[in-house]
Amino acid sequence: MISREELLRILSRYDERDIKIVTICSHSSLQIFHGARLEGFGTIGIALRGNRPYYESFPRASPEIMLEVENYKDVLRKEFQEKLISENALIIPHGSFVEYVGAENILERFRVPMFGNRLTLYWEGDRERQRKWIMEAGVRAPRRYSSPDEIDGPVIVKLHGAKGGRGYFRASSPSEFRRRLEELKLRGIIRGGEEYVIEEFIPGVRFYPHFFLSLLEAPNLPGLEHGRLELLGMDRRLEIIDEVYRGLPEIIEDYLDYTVAGNIPVIVREKFIVDLLEAAARISLAARRLFSPGLIGPFCLETIYHPRRGFTVFEISARIVAGTNLYPMGSPYSPYYYDEPMSMGRRIAREIKRAIELGRLSDLIY
Ligand code: AMP
């Protein structure tokens, strides 16, 4: 794994008056570039040749410099990394960046300074480690089953490496589990032999709150002494299964699919904000204990609320999530922190700007 010292050495040669905010043109990049521009930063987009004109078609969100690649993994090439470093590039990792370049490649081979703590890639990317993190935080999590034979109620089966919920399925007994697995093989969705986890299926309403943890600002919540935690927005993913009612009175099999297709805005009953902030604070504290300095900047908790159980946290995304794209000019929560429109993309840029002013950029980079 590339050491933090090595990256900080590279960062120490940067011209801090000419930092450029860089990411792959996908996922939440328009919001990231838009926010960076509002904060006065130069921007670089890394785009596939065919995508370039589309990303250049947004006058207020297109990056000033475009670097074309044939394949996103080209960013790992030595010359490409050197080019980025010569531009004083700070990478903002988003979901597609991590997916296309590969968490392991980033940890082992990518020497360009990144906003945030790279160790989160290691802790978030593996379901077992992520589980350990959630357990360490002491928030409510779905029960895990170690074998299909233990299934004694509704479960959701998550195939290892399944992207965005595709190939997940539900079962309520060992025999139903086997039947569904067979069906997925027959339909060519899986090959067989994949690893999976079996998790308690949590009924309830899903909320995906977006947080930003600032290590530069004064603490604002009880028990959280190392930074200020902001709730900057909230969404819910729109998954194929969410429209299952459209096939009624029949349930059409193709609707039983958890693939994300988009995101919709949501707010939570106000008193529940307390529960969500408390859970987020616990997750941040656990991150600090497990992989110091822990979380830096944006993260999201995937939660399900039910009156009998309260909030269950079933996943952590330790970076900017695509649901923040709903709020390029701020969310129903951001005005309680900022007088100006504050998207997550802009918040990231604001933090970098502030760190430069304070001479503390190295605290936010790995
Ligand atoms: P994930 O890949 O963990 O983000 O899950 C994708 C989708 O599957 C989520 O957005 C939920 O709709 C659903 N899901 C995941 N885990 C659970 C669970 N334990 N109970 C109910 N639904 C879940």
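Which side chains meet in a salt bridge at 3.0 Å, N to O? In this predicted model, the answer is the pair Arg347 and Glu351, where a salt bridge is a side-chain nitrogen of Lys or Arg within 4 Å of a carboxyl oxygen of Asp or Glu. Local features need pLDDT of at least 70, side-chain atom pairs count only at pLDDT 80 or more, and totals for chains, interfaces and linings use all residues. Residues are numbered from 1 along each chain as its sequence is written, and side-chain values use heavy atoms, with hydrogens and water left out.

Arg347 and Glu351 sit four residues apart in helix 11, about one turn of the helix; helices (H or I, at least four residues) and strands (E, at least two) are DSSP runs, numbered from the N terminus. Arg347 is buried, at a relative accessible area of 1%, and Glu351 is buried with a value of 1%. Here buried means under 20% relative accessible area, exposed over 50%, and partly exposed in between (1.4 Å probe, protein chains only).

The whole structure holds 42 salt bridges. Glu199 pairs with Arg144, the closest N and O atoms being 3.4 Å apart. This pair links distant parts of the chain, with Glu199 in strand 8 (residues 196-200) and Arg144 in strand 5 (residues 144-145), 55 residues apart. Glu199 is buried at 4% relative accessible area, whereas Arg144 is partly exposed at 23%. In helix 9 (residues 174-186), Arg180 and Glu176 are four residues apart and so separated by about one helical turn; their salt bridge has its closest N and O atoms 3.8 Å apart. Arg180 is buried, with a relative accessible area of 18%. A network of salt bridges also links Glu39, Glu340, Arg346, Arg350 and Lys353.

Turning to the domains, the assignment (automatic or from a database) gives domain 1 (4-114), domain 2 (125-140 + 203-251 + 262-364) and domain 3 (144-200). The centres of domain 2 and domain 3, taken over C-alpha atoms, are separated by 28 Å. Six residues of domain 2 are in contact with seven residues of domain 3, contact meaning heavy atoms within 4.5 Å.

The largest nonpolar core has 87 residues, and Leu84 and Trp133 have the most contacts inside it. Such a core is a set of buried Ala, Val, Leu, Ile, Met, Phe, Trp, Tyr and Cys residues joined through side-chain atoms within 4.5 Å. Helix 10 (residues 272-290) gives the largest share of this core, 10 residues. Because domain 1 and domain 2 both contribute residues, this core lies between them. A second, separate core of 12 residues includes Tyr145, Val157, Phe177 and Leu181. Beyond four places in sequence, the residues that Trp133 touches include Trp123, Ile283, Phe291 and Ile316.

Helix 2 (residues 29-38) is mostly covered, with seven of its 10 residues buried. Among them are Ile32, Phe33 and His34. The buried residues of helix 2 pack against strand 1 (20-24), strand 2 (42-48), helix 3 (52-55) and helix 11 (344-358). Gly40, which follows helix 2, has a positive phi near 90 degrees.

Finally, Leu248 lies in the loop between strand 10 (228-239) and strand 11 (260-265). Leu248 counts as exposed because its relative accessibility is 53%.
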